[in-house]
Amino acid sequence: MSDSAAKAPPVRTAMVMAAGMGTRMRPLTDHRPKPLVEVGGRALIDHVLDRLVEAGMETAVVNVHHFADQMVAHLARRDDIRIKISDERAALLDSGGGIARARALLGEDPVLVANIDSLWTEAGEPPLKTLMRMWDPDAMDVLLLLVERGRGLGFEGPQGFFRDEAGRLTHSAEPEPPTPFANVGFQILKPQILDGQTAEAFSIVPIWKQLAAQGRLFGAVMDAFWMHVGDPAARDAAEAKLAP
């Protein structure tokens, strides 16, 4: 095997979830989609695409809905990664439905799914490198990127995960006992887990729970400090954190 083949990432295609209305980000989203809100002088979508390029992604499938024309025009300026558009102008499809709609664009190999409202500051191993290193398609159908409680901004509510010594996850939304890990919004998954779904719009969370019961849902814990940019206050906090 050549050195280049040995170093090739196990996943080459990403799905960027960028179709939401961004209602909690108003008034910043009154005239633009949430992915084009800037933090540190750079749009959220570009922060994410930059990370994907660094991780070796060759293709990014981006779903669009709110101010879709603005999104398509903005994405056309990128020349460092192949962009494919999954058009959801007709209706929002939620996390599972959005990935399912893009199924033909994603292909049959595992994909990296990324939310546009997650940023982080570097510490230790780069988070996407951790995710790639831990991905084991023989044991896993989904591998979530997690952050330990206390290592982030913008956590909301008790929803999170317990993780055993092997990395298998159990999801919980109960306040007690508190979950030690939160979902960062990045994951590697096999697109086949969405096959057979009949609903147009659906959440991926019930699928996570099914896979957890089968021992096929795993988590990789990031070293970095995570920032969930969900509203204007969180955006300001992230901008302050990223300031030199």
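Where in the structure is the place of Asp 94?

Reply: Asp 94 sits in helix α4, which covers residues 94-101. Helices here are DSSP runs of H or I with at least four residues, strands are DSSP runs of E with at least two, and both are numbered from the N terminus. This is a predicted model, with residues numbered from 1 along each chain as its sequence is written. Local features need pLDDT of at least 70, side-chain atom pairs count only at pLDDT 80 or more, totals for chains, interfaces and linings use all residues, and side-chain values use heavy atoms, with hydrogens and water left out.

The backbone of Asp 94 deserves a look. Its phi is near 70 degrees, a positive value in a residue other than glycine. Most residues other than glycine have a negative phi, and most peptide bonds are trans. Asp 94 is partly exposed, with a relative accessible area of 46%. The scale calls a residue buried under 20% relative accessible area, exposed over 50% and partly exposed in between (1.4 Å probe, protein chains only).

Phe 67 also has a positive phi, near 50 degrees. This residue lies in the loop between β4 (59-64) and α3 (68-75). Phe 67 is partly exposed, at 29% relative accessible area. A further backbone feature is the cis peptide bond from Arg 26 to Pro 27, with omega near 10 degrees. Pro 27 belongs to the loop between β1 (13-17) and β2 (38-39).

Next, the charged pairs. Side chains of opposite charge can pair when their charged atoms come close. A salt bridge here is a side-chain nitrogen of Lys or Arg within 4 Å of a carboxyl oxygen of Asp or Glu. The whole structure holds 20 of these salt bridges.

One of them joins Asp 50 and Arg 78, at 3.0 Å from N to O. Asp 50 is in helix α2 (residues 44-54) and Arg 78 is in the loop between α3 and β5 (82-87), so this pair ties together parts 28 residues apart in sequence. Asp 50 is partly exposed at 21%. Arg 78 is buried at 13%. Both belong to a network of salt bridges that links Arg 42, Asp 46, Asp 50, Arg 78 and Asp 80.

Arg 51 forms a salt bridge with Glu 122, with the closest N and O atoms 2.4 Å apart. Glu 122 lies in the loop between β7 (118-121) and α6 (127-134), and Arg 51 lies in helix α2, 71 residues apart. Glu 122 is partly exposed, at 45% relative accessibility.

A further salt bridge pairs Lys 190 with Asp 141, with the closest N and O atoms 3.3 Å apart. Lys 190 is in the loop between β12 (181-189) and α7 (205-213), and Asp 141 is in the loop between α6 and β8 (142-148), so the pair ties together parts 49 residues apart in sequence. Lys 190 and Asp 141 are buried.

Back to helix α2, where His 47 is placed. His 47 counts as buried, at 18% relative accessibility. Its side chain reaches the backbone oxygen of Arg 42 at 3.4 Å. Leaving out residues up to four places away in sequence, His 47 touches Val 39, Arg 42 and Leu 119 (contact means heavy atoms within 4.5 Å).

Now the rings. A pair of aromatic rings is described by the distance of the centres and the angle of the planes. Rings of Phe, Tyr and Trp (its six-membered ring) pair if their centres lie within 6.5 Å; planes under 30 degrees apart count as stacked, over 60 as edge-to-face and the rest as tilted. The whole structure has two aromatic pairs. One of them, Trp 120 with Phe 186, is edge-to-face, at 5.1 Å centre to centre and 65 degrees between the planes. Trp 120 is in strand β7 and Phe 186 is in strand β12, 66 residues apart. Trp 120 and Phe 186 are buried.

Strand β7 also takes part in an open sheet of three strands, in the order β7-β14-β9, with mixed pairing. Its edge strands are β7 and β9 (152-153), each pairing on one side only. Two strands pair if DSSP finds at least two bridges between them. Two bridges join β9 to strand β14 (residues 225-228), and these strands run parallel. Gly 152 has Trp 226 as its bridge partner in β14.

Methods:
Polar contact = N/O pair within 3.5 Å; in protein donor to acceptor, adjacent residues only side chain to side chain.
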